[in-house]
Amino acid sequence: QVLLFYKYTPVLKPEELWAWQKGICSALNLKGRIIVAKEGINGTLEGLKKDTEKYMEEFQKIGVSVETKPMGNFRDIQFKTSVGTGESFPKLKVKVKDELVSLKFGEDDVNPNELTGKHLPPKELKKWYEKNEDFVVVDMRNDYEFKVGHFKNSFNPEMDNFRDLAKVLHESDKLAQFKKASEEGKKILTVCTGGIRCEKASGYLIRHGFQNVSQLDGGMHKFMEKFPGEDFLGSLYVFDNRE
């Protein structure tokens, strides 16, 4: 089983969380990638189902006691699951970094705990499609990911890298065209693979004047769990050996 997860939460001691993750993943023979930062955690892991279930159970205990609070609060962390191959990752990598997703916004950085778009459940997006609501899906992934598969009627900002978001917004009319439309009532929905990029992307749009901004809760992965083969054209690109 493959797990995809993230959470923005203050982590006072990233090194302690790094050590905990390294220890439990090794003990449970899990492979994959985990990034730990002062702003939270982002990870993808694969292992036997019984071991991934044990990992989720133990991870959600962090933050319950005083002793674990310096590592953050992960009681309500959301996990996305999918069938693995046993070879999705060659080994385990756990790293401490400055950012969970590299944006390099500097002083214009967004804290999702303070500013972010409304979380739209997958079932609500399904209703939007069924009712032909006035909305646009803004795909916050890279251009090559979009070409592999994307939601119906979605907009591709044509970013080579997520760090291009500021340039796309401020140096062209590709994305800015929806700012005025949002002021007139059009709903803006940011989407990405698991949701983590949209936490900051949606907040960034709001900071720069966009209105009616939401983000797809759990990302494309969660929508496809609930509505496989519906309203999504093509396949979902993932960053492991399954591709």
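What volume does the second largest pocket have? The second largest pocket has a volume of about 260 Å³, where a pocket is an open set of points on a 1 Å grid over the protein atoms alone, a 1.4 Å probe fits, and protein lies on both sides within 12 Å along at least five of seven lines. The volume is the space filled by probe spheres set on the points, which are joined across faces, edges and corners. Lining residues have an atom within 4 Å of a point, and of the 14 here, Tyr6, Lys7, Tyr8, His119 and Glu199 are closest to the centre. Strand 1 gives the most to this lining, with three residues.

Before going on, a word on the model: it is predicted, so local features need pLDDT of at least 70 and side-chain atom pairs pLDDT 80 or more, while totals for chains, interfaces and linings use all residues. Residues are numbered from 1 along each chain as its sequence is written, and side-chain values use heavy atoms, without hydrogens and water.

Now let us look at the sheet. Five strands form an open sheet in the order 4-1-3-2-5, with mixed pairing. Strands (E, at least two residues) and helices (H or I, at least four) are DSSP runs numbered from the N terminus, and two strands pair if DSSP finds at least two bridges between them. Strand 2 (residues 31–37) pairs with strand 5 in the parallel sense over five bridges; there, Gly32 has Leu92 of strand 5 as its bridge partner.

Finally, the largest pocket holds about 920 Å³ of space. Among its 38 lining residues, Ile35, Asn42, Leu100, Val101 and Phe239 are the closest to its centre. Strand 1 is again the biggest giver, with five residues.
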